[in-house]
Amino acid sequence: MLEIGLEDSRLQQLAVNRVQLSADKGICYIYFYALQGEPVYLELLPILTSYKPALRKALAKELQSRYTPELAFAYDTQLEKQ
């Protein structure tokens with residue numbers, strides 16, 4: 001993720017806040033936060049989605065597992081609530 005952020009300067013506005021794996025290990029939720037708020041995240045979501053296959057491939061290389069979870073991106077509102 002860091003390499004992609006350095007490669008595409010538009011994504012430097014986003015920060016990975018937390019990562020959560022579903023109970024069945026089928027989906028990996030990646031929560032992002034932007035200082036400018038959710039509208040910036042929504043604007044950058046199509047760019048993130050275009051990198052999803054490359055991220056999943058890199059994750060598959062690192063995992064010692066038979067299956068690689070699907071990646072799901074979401075905006076993290078936890079900091080705003082605090």
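## Terms and overall make-up

Helices (H or I, at least four residues) and strands (E, at least two) are DSSP runs, numbered from the N terminus. Lys25 lies in the loop between two such strands, E1 and E2.

This is a predicted model, in which local features need pLDDT of at least 70, side-chain atom pairs count only at pLDDT 80 or more, and totals for chains, interfaces and linings use all residues. Residues are numbered from 1 along each chain as its sequence is written, and side-chain values use heavy atoms, with hydrogens and water left out.

The protein chain has 4 helices and 3 strands. From the N terminus on, their order is α-β-β-α-α-β-α. Of the 82 residues in the protein chain, 30% are buried. Buried means under 20% relative accessible area, exposed over 50%, and partly exposed in between (1.4 Å probe, protein chains only). Contact means heavy atoms within 4.5 Å. Among contacts in the protein chain with a separation of 6 or more, 55% join residues 24 or more positions apart.

## The sheet

The 3 strands form an open sheet in the order E1-E2-E3, with mixed pairing. Strands E1 (14-21) and E3 stand at the edges with a single partner strand each, so one side of each has no neighbour in the sheet. From one strand to the next, the twist averages 25 degrees. Axes are lines fitted to C-alpha atoms, for helices over the stretch in contact, and angles run from 0 to 180 degrees between N-to-C directions.

Two strands pair if DSSP finds at least two bridges between them. Strand E2 (residues 27-34) and E3 run parallel, joined by 6 bridges. Phe32 has Tyr75 as its bridge partner in E3, and Tyr31 stands opposite Ala74 in E3.

## Helix H2

The buried residues in H2 include Val40, Tyr41, Leu44, Ile47 and Leu48. The buried residues of H2 pack against E1, E2, helix H3 (52-62) and E3.

How far apart are the end C-alpha atoms of H2? They are 19 Å apart, which agrees with the 18 Å that its 13 residues should span at 1.5 Å a residue. The expected span of a helix is 1.5 Å times one less than its number of residues. H2 bends by about 40 degrees at Leu44, and Pro46, a proline, follows within four residues. The bend at a residue is the angle between axes fitted to the seven residues ending there and the seven starting there.

Leaving aside neighbours within four places in sequence, Asp76 is in contact with Asn17, Arg18, Tyr31, Phe32 and Tyr33. A polar contact of 2.7 Å joins its side chain to that of Asn17. A polar contact is a pair of N or O atoms within 3.5 Å; within protein, one must be able to donate a hydrogen and the other to accept it, and residues adjacent in sequence count only if both atoms are side-chain atoms.

Lys25 is exposed, with a relative accessible area of 57%. Lys25 is not a glycine, yet has a positive phi of about 60 degrees.
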